[in-house]
Each structure stands twice: as C-alpha cells, then as structure tokens.
Protein chains: 2
Amino acid sequence: VGKSEAYSEWYNRIVEESGLIDKRYPIKGMNVWRPYGLQLRNNIDAIIRREMTRTAHDEVEFPLLIPKTEFAKEADHIKGFDAEVFWVTHGGLNQLDIPLAVRPTSETAMYPIFRLWIRSHTDLPLKQFQIVNTFRYETKHTRPFIRVREIHFFEAHTCHSTYEDAELQIQEDLEIWSRIAEDLCLPYVVNRRPEWDKFPGAHYSLGADVLTPELKTLQSATIHQYKTNFSKAYEIMYETPNETREYAHQTTYGMSERLVGAVVAIHGDDKGLVLPPAVAPVQVVMVPIIFDDSRERVLAQCEKLFSTIREAGIRVQLDKREETAGFKFNDWEMRGVPVRVEVGPKDVDAQRVMIVTRHDRRKVEASVERLVDAVRESLGKVQVGLKERARQVVLANTHNAKDLSEAAKFRGLVRVSWCGKVECGKVFEEKAGKSVLGKPVKELETGKAVQSACLACGESPSEVALLANTY
Amino acid sequence: VGKSEAYSEWYNRIVEESGLIDKRYPIKGMNVWRPYGLQLRNNIDAIIRREMTRTAHDEVEFPLLIPKTEFAKEADHIKGFDAEVFWVTHGGLNQLDIPLAVRPTSETAMYPIFRLWIRSHTDLPLKQFQIVNTFRYETKHTRPFIRVREIHFFEAHTCHSTYEDAELQIQEDLEIWSRIAEDLCLPYVVNRRPEWDKFPGAHYSLGADVLTPELKTLQSATIHQYKTNFSKAYEIMYETPNETREYAHQTTYGMSERLVGAVVAIHGDDKGLVLPPAVAPVQVVMVPIIFDDSRERVLAQCEKLFSTIREAGIRVQLDKREETAGFKFNDWEMRGVPVRVEVGPKDVDAQRVMIVTRHDRRKVEASVERLVDAVRESLGKVQVGLKERARQVVLANTHNAKDLSEAAKFRGLVRVSWCGKVECGKVFEEKAGKSVLGKPVKELETGKAVQSACLACGESPSEVALLANTY
C-alpha cells in the first residue's frame, strides 16, 4: 500500500519493514527499538547534545520515580497529569507507604533538588538537561513515535534571576530548535498555545508544529515559560546582590521521539524511509553490480572507493551480500539511505561511479577522482531537496479562512482572525472541527493579513490564529 | 576524615564532594547524577559500546515495563526476583488488569520477542545488548553506585545453536571484561559461583570480583550460561540445516554503575577521587600560577599550551577562575583529574611546564616543545601506577587458609580447599563468616595449591574455592 492511498497503513508498515522498531511487544504503545531505529534515535540525540553543549547546558540524570508527595506540590501540574501517570504501589511483596509516580516529565523530581542547589544570584542561570524515557498512560489510539506510553524524551530545565532572563532563554531555545529542524529538514511553525492548551503549571507555552502528509500538525518541540509558578511551589529562591530573597524564574524545553516520527512521516515515500543525511545511520551505501566474469575487479574497486569515502568521515556501508543488485536497491531504499553509489564493470573501466539520490531517485555520473566531493554534493542535494519538498507541502496547505465555514472546509494550516478571547477560540474549535494551535510566533512566510475582525465575535482588533487537526 | 580511618564515611563524602552525585533525592537508594558523574558514567558506557561494536553485538532497547504474565514464565527467575521488584499497578486512576514489573533485568522482556526473531540457524548467533536503568527494591543498607534501587545497567543477551557456541561466547565475554578492567585499572578475580548463588534461572554463573579497600569483594561483572533454561520457557527455537527444531542456547553478560563505585573505592585517596585516564571526564587540567605583574604573560602561554593539548585529542581544561592556585589544586585533586599542568612566570621564561600526576602527586618538569608527549607519558604513568597499586593490595590480601579458624581470621580473599559439595560450602560460610565466591576461573597469580583435603569434610580430591566478605 502506498503512502498517498492509505497513510496510516503505510506508516505502520514502514516503521517495521525498515527495521526501526518491533511493535509486537505485549504492552500497547510500548515498542522495541531495533538496532537501526536506535542508531537513528542516537544520532538525533547527538545533535541535541551538540546544541546543548554549544549553549552551556549541563547534562544530568534524575531518578525515574517520584514520591506522590513531591509530585502533588504544584496544583495545576498534578491536575494536568493525574489521569496519565503510571503508579508504582508495591516494592516486592510490600505495599509502599507513599506511591511513586513513574515520571511523565521531571519538574517534580528536579525542583526539590534545584531548591538545594540554588542559593545565590551567582548560581544563576542554572541550565540543565536530561535525555531519559518518560511514561504516560495513554488511553487514546497509540502510534509509533507519535503517541506511545514509553517516550524517549529530552527535557531542559533552566532557572534565572528575572523574567527577562528567562525570556532570553526562550529566544535561545527557539534558535536551538531552528538548527535541529534544519538538520532534520523539517519546516515548522511556532505557536503560542491558547490558555486552555498550555502545559500544566506553565505561565505560557510555545509549540513548534510540523505538518504531516495527512495534513495534521504534530507538536514536535515545546518551550514553556513557568515564571515563578513552580519556584513558589518548590521554594526555589536565591539571594540577590542586595541580600533580598527572590523566587527564581524558570523555563523548560521539551522534545521527544516524535522527531523520529516526523522524519518518517514527512520525508518517507512509497519505497520506504527517506532519511536526512545529518541523522541517517548509513549516509551512503555502495552497491557492487556484479557479473560472474567481473566479480573480483568490481569488488576490489568497491573496497578501495569505500575506504576513500569512509576516511572522509562519511557513514558509508559496502553491501557485499550475495543477493541481486535489485534486491539491495530496494532494501536500502526501504531503509532510507540518502545516497547510493553503484559500481559495475563498465564503471571500473571508465573510472567512474553512478550516484543515486534517494529522495528523487535521480542518477548522476561522477569520476572516481572527485568521488568524495560528488558524494558530499549528493548528500547536500538530499538535505536541500527534502527540506524544500516539505516546505512546498506546508505552503500549499496553508489557507486564509475568511469565515468559519471556510475554516471547516480547509485542510492543513488554517489562518483565522481572532480577538484572543477564550470563548471565541472555543467557537473556532467547535465550528471548524479543528484545534487552535495558537497565535503564530513564526510562520514559514510572513503571512498575509487575514480579516481584521474576529471570525467568531466580529470584534476588532484581532490577530492571526492558526487552526489545524492535531495528533 | 581520611580513607583509612573511616572508609564508609570517606566514600559517602567524596562521591558528593567531587560532584558525581547528589544523595538528597527523597527516595532511599535513588540518587541524582550530576554533570561530572554523568560524564564519567558516559565515558565508561562508551568503552562498553566500543567493545560491543568490536565483537559484533547490536544495540537495542526494550521497554521498561514487563507484564506479570511474561515475567513469571521461568520458575526460578520469578522466585529469585519476587521480593525485589517494583510493581506498577495503576495507570492514571485505573487499576491495571495485569500488574507491570519495572524491569530488574530484561530476560522476560526480550525473550518473547527473540522467539519471533529467531526462525532458522541462519539467524544465529543473535548478539544484542542494551544500556538502560534497572530497578530493585533493596531492603538492605544502600550505598551510592554499589547498592542502589535505580541501577544504571548494561546487559548483553546472546542466542546460539549449541552449548559449545554459547561457551565460546562466554570466552569472548571474559576477554571483553579484561579489556574494560584494563581501562579502569581494576585487578580482579573471576569465580564460578556456587550453585546457591547463581543467577535465578542460570545453568551456571561467573562473577568478576574486585577487592575494595575495606577488604570486601564487589561483584563487578557477571556472565551467565543459561543453556536452554529460558529458551524452553519462552519457546525460542530454530530450524537446523536438517530441518529439525531445537531450542537456542543462551548467555548473558551484565555490568552496572558498580564500575563507577569500584573506581571510586579502589583508586580514591584522602584528597578525593583518582580517575583512570581512559574514563576521566577531564584528563588534564592546566592551572596558571598568577602573580599580578605576570598575569597577561602567563595566561597567554596557558591559552597556547591548552590549545596544543586539546588538538592532540586529550580532554583538557584550563582553569582561569579567580581563586588561588592552591584552591584549584585541591579542587581538581578532589575531582580526581589524573594529570595537572602548572604554568607560572618562571616556567614561561624557561619555556617549560610542571606536570603533576594525581595518584602519587609527583612533579616533573617538561619543556613546552615536548608538551604533548610529556602529558601522554604522565597519563600512562597514572594508568600503570593505579593498576599496580591496586594489584599490590589484592596480592597482599590473598591468603591460603589451612583450616577454617584461619579462614575466619584472614581478611580479603581467602583460598580454601573444597570438595565441591554444597553442604561443605555452607560450613565454610558459617564457620569463616564469609561468602563462598566460588571456584576461581582466573586469579591474579597462578595460586599456590592449598591443602588437598576439603577443609570441611576432609575428603579428597578437592579444588580451590575463594571466600570473602561481600557487598
């Protein structure tokens, strides 16, 4: 089944056929990461760590289990997570005195300790992150990488002296996200979530949304301004230079294995995965085209060229299996390897190779002399090509709705005019059958103005809001 | 308090003062990994991954939670872990139909899936590993890295056609361990555990034991031969070339954050940690010795030399803080940085540096011309020095006991003569007040023979058994 005919079926099929995961684990929404999937995930984590190091965040790891007493300290937070926490109630054969939450996120694990670490303004900013798995008791339909019950998770937690410093952190987070999205070839919009959809306990929340081929938006990164909501609950205070005591201002930044899901969903095609070069476990595969009388010659050339590419620091694999070249092409296309290098007997004679780019399956010839440059150019073409193709999909599916019946008909990203009142937002959601993503902080193109009056109440002035169907 | 006067107090103090962990998390036996501790742990993990890649193991990740129905399939296994498993019984506000074990180890998570992955003899050997956290409801006294309730854990699981192939895997595991122990400067003995102390479900178990300064042995790596015990319970079968169906033979190999504990305990001294160069987050620290009139000159030289060392691929840090040189010396000694490079105004004039090795605090002079070589030599001296020092402790504390009253008096590793019967082993444990580590598969030196007759029943022939107090 192809991607365009039956999207969900296609998605569920290729995540297994490409060797990313095995879905047959006997708990719903918990999957086995197979070696290829784990390599892809590790490569994405490595990009995140690169960005964290560049911006002077320290990596830490807090325990998985959180005593209920700590978990319940921030009222909105516990209310928001109450229905989706897994609880440990027994240790061995004993009932525990205090149930332990299996972390759905780590505010309540970290902040009692932040309270001990932060004494003075000289301890600020505190910028820490961890990459761990989190757990949510999802009752909705699960989908690999997109909605799971064990979630591979990144969370940065920062503490600052002032609200303004925390705002600067959020600007830094947006810049970090733009670099990660670039490496993953993902065009995105950033929205300030409406009041009713912000993170439980946050002052406000930003979400970076990407558009999948079924024209639903997938929240791929979130950045939260907590103000002093948590620091008040957890008594995280610092002494100012004037010796007064103030509450710290906090932010968080979260991402997850949804990034893997976004890459699969947005770049994949009927042939399987198409992986961005920056994170592909195998960036280049070399396939010898072997005929009986040329076997030795072709393999010798392949070994030589393979070494040349590997020594250039490119993740390359030489496929020497006994199967036919056609079988190998299909196999590596399913796995989404961005660039294929083919070497047959005539190529050996002519001291050339054929290079095929995965996203458009175009073939170019290159001399072995400029092999590494030609491979790099092809990797670059995939990088740019993937991003541009995804961008065109977003542009083609961004609509200005002049009234709510149009908003209901459009699919994709729907721009409407909104006075900002909660009740009008709720009218949008009901009448358009879509969620309010929020007010866009960043769009793909500077958007044209929409109607000046709110599409729900008719009042002015109003601002743009984005609506979409979401996961 | 120094290491020799009050060992436990010393240990508990330096794991926090050196910045490895914070013990103030509100659940007993669950600690916070601070950035320095996490870097050390990550460096050890990197060595493990290097060894796994070298020996063609694939990295995977299985879910944390295991349905009780799967967990209970191998009878000895569930009996062995019953009392120490954390159980998830609720998802949100609902009681779950089937309680979920928080993995204490992953046999029961993996093997139902291995059953699906293995069809034919061509699927074997299957060699997989994961690095995850495991959980045990410890009721004994906890100690950082040594006995904790959330355990950073490595587990390799392999499947083979025959018992002999599985035995070859165990030889490979022992070779892998010897390389890891070399990098960590840890001398060790390997023992085949007695029947009553093997892993629940194993056919036999090997344990690699290291001797800590309080003369107790710490089990640091375990290798298990499962034979077909688990494959029968989980129906892991393969088709032979003759088209018959056979059960797979299985092994596992486990290590944990105890490796961090062993490094802290064995190499540390009154001044703090002493880290093996192969895993030290900072291998070299450069400390400028600054006087007001020479500030610029010394710092400029330091920057230059720092770059030279860094470009050689050595993990180096330049300490430009405002504190005194003496404060910095103490600080980096506490953190166990193996090599310190000091640069003062006279050193700049003479184009030399002073190099201090952490383990013996000896100072040597080196010309800036051969800076990198001199630093490498010093790192090598720490590597060799740490290992040799630890080896001497083991040799000095290995005793041949000629009767059980001697075995009771000796501390450290006590060699006795054992006929091999369980009841005699139990007599040793009772009369000597020590555990039977098992029959040594590998000792530091080819041991002298002990009495030929079993020290419990007097029967011959008998073999050597090692006794010790354990954690």
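Is B:C454 buried or exposed? B:C454 is buried, with a relative accessible area of 3%. Keep in mind throughout that this is a predicted model.

## Cysteines without partners

Let's stay with that cysteine for a moment. A disulfide is a covalent bond between the sulfur atoms of two cysteines. To count as one here, the two sulfur atoms must lie within 2.5 Å of each other. By this rule the count comes to zero disulfides over all chains. For B:C454, the nearest cysteine sulfur belongs to B:C419 and sits 3.7 Å away, and B:C454 is in no disulfide. B:C457 is in no disulfide either, and its nearest cysteine sulfur, that of B:C424, is 3.7 Å away.

## How the two chains are related

Two copies of a chain are related by a rotation about an axis and a shift along it.

## Strands tucked away in chain B

Now for some strands. Strands of a sheet pair through backbone hydrogen bonds, either parallel or antiparallel. Start with β8 of chain B, residues 150-160: eleven of its eleven residues are buried. Both of its faces are covered, with B:E150, B:H152 and B:F154 among the residues on one side, and B:I151, B:F153 and B:E155 among those on the other.

β8(B) has neighbours to pair with. Strand β7 (residues 126-135) of chain B runs antiparallel to β8(B), joined by ten bridges. Within that pairing, B:Q128 has B:H157 as its bridge partner. Strand β14 (residues 249-256) of chain B is also antiparallel to β8(B), and there the partner of B:H157 is B:T252.

Strand β10 (residues 204-211) of chain B is mostly covered too: eight of its eight residues are buried. B:Y204, B:L206, B:A208 and B:V210 point one way from β10(B), while B:S205, B:G207, B:D209 and B:L211 point the other way. In its pairing with strand β9 (residues 189-192) of chain B, B:L206 stands opposite B:R192. In its pairing with strand β11 (residues 216-227) of chain B, B:V210 stands opposite B:L218. β10(B) and β11(B) also form a hairpin, with four residues between them, and B:L215 in the turn has a positive phi of about 60°.

Here are the pairings of chain B side by side:

| Strands | Sense | Bridges |
|---|---|---|
| β7(B) and β8(B) | antiparallel | ten bridges |
| β8(B) and β14(B) | antiparallel | eight bridges |
| β9(B) and β10(B) | antiparallel | four bridges |
| β10(B) and β11(B) | antiparallel | eight bridges |
| β15(B) and β17(B) | parallel | five bridges |

## An open sheet with helices on it

The last table row leads to another part of chain B. Five strands form an open sheet there, in the order β16-β15-β17-β18-β19, and the pairing is mixed. Its edge strands, β16 (316-318) and β19 (363-367), each pair on one side only. From one strand to the next, the twist averages 25°.

Between β15 (residues 284-288) and β17 (residues 339-343) of chain B, B:V287 stands opposite B:E342. Helix α10 (residues 325-334) of chain B lies across β15, β16 and β17, running at about 170° to β15(B). Helix α12 (residues 371-396) of chain B packs on the sheet as well, touching β15, β17, β18 and β19, and its direction makes about 10° with that of β18(B).

How many residues does helix α6 of chain A have? Helix α6 (residues 163-183) of chain A has 21 residues and reaches 31 Å from its first C-alpha to its last, close to the 30 Å expected. Its buried residues include A:I170, A:L174 and A:W177. An α-helix has 3.6 residues a turn, so residues three or four places apart point the same way. After α6(A) comes A:C185, whose phi is positive, near 60°.

Helix α2 (residues 35-54) of chain B has 20 residues, which should span 28 Å at 1.5 Å a residue, and its end C-alpha atoms are 28 Å apart, which agrees. Just after α2(B), B:A56 takes a positive phi of about 60°.

Conventions. Residues numbered from 1 in each chain as written. Chains lettered and ligands numbered in written order. Predicted model: local features only at pLDDT ≥ 70, side-chain atom pairs only at ≥ 80, totals over all residues. Heavy atoms only, no water. Buried < 20%, exposed > 50% of the residue type's maximum accessible area, 1.4 Å probe, protein only. Pairing = 2+ DSSP bridges. Helix = DSSP H or I, 4+ residues; strand = E, 2+ residues; numbered from the N terminus. Axes fitted to C-alpha atoms, helices over the stretch in contact; angles between N-to-C directions. Contact = heavy atoms within 4.5 Å. Expected span 1.5 Å × (residues − 1).
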